[in-house]
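Please look through the sequence and the 3D view that follow, and keep both at hand while reading.

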Amino acid sequence: MSESATSATRLSVFKTYKLYVGGKFPRSESGRVYEVSDSKGKWLANAPLSSRKDARDAVVAARKAFGGWSGATAYNRGQVLYRVAEMLEGRREQFVREVGEAEGLSKSKAAAVVDAAIDRWVWYAGWTDKIGQIVGGANPVAGPYFNLSTPEPSGVVTVVAPQESSFLGLVSVIAPVIATGNTVVVIASETAPLPALSLGEVLATSDVPGGVVNILSGKTAELAVPLASHQDVNALDLAGADAELARELEVAAADNLKRVLRPGAVDWSADQGTQRMTAFLETKTVWHPTGSLGASGSAY
């Protein structure tokens, strides 16, 4: 058969998008999918329509991974985040195409978004072993004591990813959460989930332990409400929730006093600062006697 005949009859190989849960790529437990279109309404792919069971499985995976990830050294976490940037750089063209289709951007503008997202991974990688010095330290006390405060991760964080910024906004809400030792369950943009699902493939090959990041796609409200009330979720980032949904999620989160980072207008292309890192840190204060009082200490 001639080369021209072969190319003329070859079928396109469409990509099958899957969830990313516990370091694996399951299809939705429900078996459901939904159509994802570009900014002009053209069909792009079928994305998994996650169920509540998928959400519960993601929380279980995140909790299982928390001990190892939070116990890793800050230097090691920084290396892992930097590796994510390396792998994204190698798949840059794929993400430029997917971001352009998802957000209706020209190739040059999509490339700028992807470059900014890669740079953001590097930026947060550099903060992993420095944030403790910013928010912790020795406290002055009246008495023969050392008083030291150190930050610790909150635990499992559920993130409602930004709807309009399918990649740069997504990275901007994931990276700070895991940089500080938390694990995360992410609900991807409902209308543009493909860059998020592709990011799962990058994370799986970037030394990120399975379960540290879990990515779900589907109906935002259908997934967010049970996650907000889940007793093993410690905090919420409502970046991608509208005002009505945010109120509903805050009420659901109150049952076990979760930390909640409320939504607001954010320029994802601007410097993000340290707010999203400190939002999901707890402070442990240690009192240690000096002099003749002995060597024992206490913490609260």
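## Residues in loops

Is D207 buried or exposed? With a relative accessible area of 55%, D207 is exposed, where exposed means over 50%, buried means under 20% and partly exposed lies in between, as found with a 1.4 Å probe on protein chains only. The model is a predicted one, in which local features need pLDDT of at least 70 and side-chain atom pairs count only at pLDDT 80 or more, while totals for chains, interfaces and linings use all residues. Residues are numbered from 1 along each chain as its sequence is written, and side-chain values use heavy atoms, with hydrogens and water left out.

D207 sits in the loop between α8 and β7; such helices (H or I, at least four residues) and strands (E, at least two) are DSSP runs, numbered from the N terminus. Most residues other than glycine have a negative phi. D207, although not a glycine, has a positive phi of about 70°. L257, in the loop between α10 (243-253) and β9, is also a residue other than glycine, and its phi is positive, near 55°. L257 counts as exposed because its relative accessibility is 76%.

## The hairpin and a helix residue

Strand β1 (residues 33-37) runs antiparallel to β2 and is joined to it by five bridges, and two strands are said to pair if DSSP finds at least two bridges between them. Within this arrangement, Y34 stands opposite A47 in β2. The hairpin of β1 and β2 has five residues between the strands, and G41 takes a positive phi near 90° there.

R52 belongs to helix α2 (residues 52-71) and counts as partly exposed, because its relative accessibility is 49%. Which residues does R52 touch, leaving aside its neighbours within four places in sequence? R52 is in contact with E222 and P226, where contact means heavy atoms within 4.5 Å. The C-alpha atom of R52 is separated by 9.9 Å from that of S28, and the two residues are 24 residues apart along the chain.

## The open sheet

Five strands form an open sheet with parallel pairing, and their order is β7-β6-β5-β8-β9. The edge strands, each of which pairs on one side only, are β7 (213-216) and β9 (259-261). From one strand to the next, the twist averages 15°, with axes taken as lines fitted to C-alpha atoms, for helices over the stretch in contact, and angles running from 0 to 180 degrees between N-to-C directions.

Inside the sheet, β5 and β8 pair in the parallel sense over three bridges, and T158 has L236 in β8 as its bridge partner. Helix α9 packs on the sheet, where α9 touches β5, β6 (183-187), β7 and β8, and the direction of α9 makes about 150° with that of β6.

## The largest pocket

Rolling a probe the size of a water molecule over the atoms shows where empty space is left. On a 1 Å grid over the protein atoms alone, a cavity is a set of points where a 1.4 Å probe fits but cannot get out, whereas a pocket is an open set with protein on both sides within 12 Å along at least five of seven lines, and lining residues have an atom within 4 Å of a point. Grid points are joined across faces, edges and corners, and a volume is the space filled by probe spheres set on the points.

The largest pocket has a volume of about 310 Å³. Its lining has 13 residues, of which F14, Y17, L44, R97 and E101 lie nearest the centre of the pocket, and the elements that give two or more residues to this lining are β2 (43-48) and α4 (92-103). By class, seven of the lining residues are nonpolar, none is polar and six are charged, where Ala, Val, Leu, Ile, Met, Phe, Trp, Tyr, Cys and Pro count as nonpolar, Asp, Glu, Lys and Arg as charged, and the others, Gly among them, as polar.

## The two cavities

How many cavities of 30 Å³ or more does a search of the whole structure find? The search finds two. The largest cavity holds about 50 Å³ of space, and its lining includes V36, L44, E98, E101 and P195. The largest share of this lining, three residues, comes from α4.

The second largest cavity has a volume of about 30 Å³, and among the residues that line it are T158 and L236. The largest share of the lining of this second largest cavity, three residues, comes from α9, and by class the lining has seven nonpolar, one polar and one charged residues.
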